[in-house]
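Have a look at the structure first, then read on.

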Amino acid sequence: MSAPSPPVGRPSSSGPRAAITTVGHFLPEERLTNADLEKMVDTSDEWIRTRTGITERRILRDETKATSDMAAGAAQEVLEKRGIDADDLDAIIVATVTPDMLFPATACLVQDKIGASNAWGFDLSAACSGFLFALTTGSQLIESGRYEKVLVIGADKMSSIVDYTDRTTCILFGDAAAGVLLEPHDEYGLIDAVQHVDGGHGDLLCMKGGGSLNPPTHATVDAKMHYIYQDGRPVFRHAVTAMADVCEEVMERNNLTGDDVDYLVPHQANLRIIDATAKRMGLTSEKVMINIDRYGNTTAATIPLCLYDWEDELSEGDNVVLTAFGGGFTWGASYLTWAYGE
Ligand code: ACO
C-alpha cells in the first residue's frame, strides 16, 4: 500500500464541491439467465449463484447498437430528469473498455447522438474502476470553477468481448450504461477520493488483441485474443484485499466509522468480494447496494447503476462511499455526501 495521497476535495468555504444532481441509466431488454447459460456451457445455476451472486444479466442483442447507444440512452434520461437541454452540457466523460471503436472516442459519439453542441469530452479506460476514476476527473472540472455541468457515464457492452464458450468468464458479465450529472454545490458533493493502479498484474485480466501490440489478424482471432481473459482466483484474492484496504483508507482519512457511513456502493463483480468489504468496514447489509443478482458485472456501469436503483432511498446529506477494483489492476474508493432527496 502506497502512502496516502492528500484529499482531492476542498473545504466548502474555498470553492464549490462537485455534487451528483441526477442519475440516469439504460438497460437492454433481453435477459440472459443462469438457466440459459446452463444450455451454453458446462455450468449450473447453483454454482453461479453461490460463487458469484448472479442470477441474470442483460444483453444488447441488436448488432447495430453499441456502447454509445446505451450511453446516449442514459444521458438522455439524465437530461430529461434534470430538465435541461443537451446544449447545457459542458463536458462528457465516458468510462468504458468496450468503446464502439478505438477512435473516435465514445464520448464524441454520445455528444453527437444527444446533440450536446457545446460539450467537449473524452473516454477513460480503467476497466471496472472506470466510473470511479471518471467521477474524480469530472469533479476536478467542476471544482476548477470553469465548468458547471459535467456528464459522467459508465457504459460497457461486455457481450461484445465475452467468449460464450468460456464458462469462467461468460457467466460474469452483462451490458448496461448509467451516468450522473455533476454540478457545483456549496455544501454537498465529492469530499475525498483515493485511486491506485498496479500495472504489474495487467496480464491477469485483459484483452490481448485489437490494440497496437496485437493488431487484429486471422491469427489473433483464431487465438481468441479479441475476448476478455481473466485468471479469476488471483484476481479475486487481490480484489478482496485491495477493496477493503482502500475503503478503510478513505474512512480513516475522513474520520468515518461504520456507523457514519449511510451507504456503500461497491463495484458488482462478485457478491463474496462485496460481503468481505462491507464486513471490514463494519457495515450492516441494508447499507450495501447490491444488484449483481439482476445485472451481473457491467464493468464501468455497475456503480452508477446502483445509484440509479437506490436513488429513492438516498437522502440529502447521506455519507456515501463508492469503491471498485478492476483490470489494470485499478482500484479506489471515494467519499461523497449526497445532494438531494427527502
Ligand atoms: N461453472 C462451474 N464450474 C466452474 C465455472 C462455472 N461457470 N467456472 C469455473 N468453474 C470451476 C473451475 O474450473 C474450478 O474447478 P477445479 O476446482 O476442478 O479446477 C472450480 O470451479 C473453482 O474455480 P475458481 O476459479 O477457483 O472459482 P472461484 O471461486 O475463484 O470463482 C470467479 C471464479 C467467480 C471468476 C472468481 O474468481 C472471481 O470473482 N474473481 C474476481 C473477479 C473480479 O473481481 N474481477 C475484477 C473486475 S472485472 C473487470 O475489471 C473487467
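1. Let's start with one pair of side chains. Glu311 and Lys81 form a salt bridge, with their closest N and O atoms 2.7 Å apart. Please keep in mind that this is a predicted model.

2. The domain assignment gives domain 1 as 12–187 and domain 2 as 191–337. Between the C-alpha centres of the two domains the distance is 14 Å. Their contact involves 49 residues of domain 1 and 45 residues of domain 2.

3. How much area is buried between domain 1 and domain 2? The value is about 3,700 Å², and carbon and sulfur atoms give 64% of that area. On the domain 1 side, Cys128, Leu132 and Ile161 lose the most area to domain 2, and together they account for 17% of what that side buries.

4. Now for the polar side of the interface. The rule finds 2 salt bridges across the interface of domain 1 and domain 2. Residue pairs in polar contact between these domains number 16, counting pairs with both residues at pLDDT 80 or more.

5. Which elements of domain 1 supply at least two residues each to the side that touches domain 2? Among them are strand S1 (17–26), helix H3 (67–82), helix H5 (130–143) and strand S7 (175–185). S7 gives the largest share of that side, with 6 residues. Sorted by class, the side of domain 1 that touches domain 2 has 24 nonpolar, 14 polar and 11 charged residues.

Conventions: Residues are numbered from 1 along each chain as its sequence is written. This is a predicted model: local features need pLDDT of at least 70, side-chain atom pairs count only at pLDDT 80 or more; totals for chains, interfaces and linings use all residues. Side-chain values use heavy atoms; hydrogens and water are left out. Domain bounds come from an automatic or database domain assignment. Contact means heavy atoms within 4.5 Å. Buried area is the accessible area (1.4 Å probe) that two parts lose on being put together, summed over both. A salt bridge is a side-chain nitrogen of Lys or Arg within 4 Å of a carboxyl oxygen of Asp or Glu. A polar contact is a pair of N or O atoms within 3.5 Å; within protein, one must be able to donate a hydrogen and the other to accept it, and residues adjacent in sequence count only if both atoms are side-chain atoms. Helices (H or I, at least four residues) and strands (E, at least two) are DSSP runs, numbered from the N terminus. Ala, Val, Leu, Ile, Met, Phe, Trp, Tyr, Cys and Pro count as nonpolar, Asp, Glu, Lys and Arg as charged, and the others, Gly among them, as polar.
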